[in-house]
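Please keep the structure in view while reading.

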Amino acid sequence: MAWDFETEPEFEEQLAWMRGFVKEEIFPLETLGLDYETTLRVIAPLQDQVKAQGLWAAHLPPSLGGMGFGQVRLGLMHEILGQTPLGPVVFGNNAPDSGNAELLAIGIEETGRQDQREQWLQPLLDGKLRSAFSMTEPETAGSDPTLLQTRAERDGDEYVINGHKWFSSNGSVADFLIVMAVTNPDVHPYQGSSMILVPTGTNGVDIVRDVATMEHPETEFGRFGNHAEIYYRDVRVPVANLIGREGEGFTLAQQRLGPGRIHHCMRWLGQSRRAFDMLCERAVSRTAHGSLLAEKQTIQNWVADSLAEMQAARLMTLHAAWKMDKVGAPAARLEIAMIKYFGAGVLFNVIDRAIQIHGALGFSCDLPLEHMYRAARAARIYDGPDEVHRQTVARRTLRNYAPHPIPSEHIPTRREEARQRFADLLERATADL
Ligand SMILES: Cc1cc2nc3c(=O)[nH]c(=O)nc-3n(C[C@H](O)[C@H](O)[C@H](O)COP(=O)(O)OP(=O)(O)OC[C@H]3O[C@@H](n4cnc5c(N)ncnc54)[C@H](O)[C@@H]3O)c2cc1C
């Protein structure tokens, strides 16, 4: 029976290399405040080292240039890379490019469209192209994508796309956008939506702004990690730009979002651990009211609770990843939904405690915690808000229960049933008394 918590020794060696590399080579770059172009030039030699280690773009199967790691190993890797926003970029598996590459790969596998592989997928994997995923609309609830209004109408060999999107992460630096649009309004959206690849320079693509956010309140247009607002006005692209088959948009989205959520959760654990280390370091360094903070019970509770919560989130995430590897993403839907809101909550709580123990220093920009905190808030919203994932978990769980007007554990009812069932036995047992 295989049921253990060990990592294969060879992979553990690779993880150890990643830990050292991320801490020694990538952490220091965070502090320099480099612009996007300079960052790309500075990290190029680091990316070469990652490639030399065979760890570049590890999320894809070997047939598509990846390492075929599977979700558990990828998860362990993301836990290390997620400690710093630059980690995934240096390893060629940053969102949204990694998810978009997976989407393209799934579509190509289905349709055999090798031209898409050469033109889009391979350059994306090589880090020569950047992409964005353009689904959410300001006018409709993103948490219910059956309401999408963006239309793609067929006109000969072309699609004509009209719609309004926002929060297309990296849209303003992307070479192409993957647009989710309704291709057939006469059927249920689950069968009537499609994903279409739109090069950013196509006529009618109007990227009006990068939306300033809590994470980047004073953002400049065209910064990596921004979230673009985009109008699509009579945008014409060849039908050959369809990903997968027409009407498969929802199926593809589900396949993309499952692994993406596991990777997010593991990256959040990397962030949580970094905040936790800061919390503990401060606890053993700062004295107030006659003793170290580490000796106060409240602080000890924070340490103990944070560690337990991170351990729970880690085991839940790795279990979801394991289930995906064993039986696929659709069968692991409950587990994936559960770690999405649980993991986001743990991340937020641990960073919050780490800020609190540092007092004014925690609130200041002299530590990375304030930025981590602002970024962490979004985790409860993107890839589906907490409430929607809780709803999924509750619905799937409650499905297994039948209504009982009298609770099935009602003791008087059970007592009566037991008396009848064991009447003979009870009579014999009490006869001689
Ligand atoms: C940092 C960040 C990056 C993003 N990146 C992308 C991207 O690259 N591409 C893209 O297309 N989108 C992206 N998004 C958008 C994201 O996917 C949506 O914000 C998300 O799906 C929620 O949609 P909405 O904002 O329209 O909120 P709404 O759907 O309007 O929901 C608002 C609130 O309503 C409540 N609610 C909704 N449904 C229920 C329910 N069933 N029960 C109880 N309460 C409910 C929840 O509290 C929810 O937060 C990003 C968002 C953020 C914050």
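## Overall chain

There are 15 helices and 10 strands in the chain. The model is predicted. Along the principal axes, the C-alpha atoms of the chain fill a box of roughly 95 × 65 × 45 Å.

Of the 433 residues in the chain, 46% are buried. Contacts between residues at least 6 apart in sequence include a 71% share that joins residues at least 24 apart.

## Packing of α5 on α8

Helix α5, residues 97–111, packs with α8 at an angle of about 145°. Their axes are 9 Å apart, and the crossing of α5 past α8 is right-handed.

On the α5 side, the residues in contact are Gly 99, Asn 100, Glu 102, Leu 103 and Ile 106. They meet Leu 252, Gln 255, Arg 256, Pro 259 and His 263 of α8. Sorted by class, this contact has 4 nonpolar, 4 polar and 2 charged residues.

## Second largest pocket

The second largest pocket holds about 1,200 Å³ of space. It is lined by 37 residues, of which Phe 5, Thr 7, Leu 76, Arg 314 and Leu 318 are the closest to its centre.

Two or more lining residues come from each of α1 (9–26), α3 (70–81), α8 (249–283) and α9 (297–327). The element that gives the most to the lining is α9, with 10 residues. By class, the lining of this pocket comprises 17 nonpolar, 6 polar and 14 charged residues.

Notes: Residues numbered from 1 in each chain as written. Predicted model: local features only at pLDDT ≥ 70, side-chain atom pairs only at ≥ 80, totals over all residues. Heavy atoms only, no water. 1 Å grid on protein atoms, 1.4 Å probe; cavity = no way out; pocket = protein on both sides within 12 Å on 5 of 7 lines; lining within 4 Å. Points joined across faces, edges and corners; volume = space filled by probe spheres on them. Helix = DSSP H or I, 4+ residues; strand = E, 2+ residues; numbered from the N terminus. Nonpolar A, V, L, I, M, F, W, Y, C, P; charged D, E, K, R; others polar. Axes fitted to C-alpha atoms, helices over the stretch in contact; angles between N-to-C directions. Left-handed = near helix turned anticlockwise from the far one by under 90°. Contact = heavy atoms within 4.5 Å. Buried < 20%, exposed > 50% of the residue type's maximum accessible area, 1.4 Å probe, protein only.
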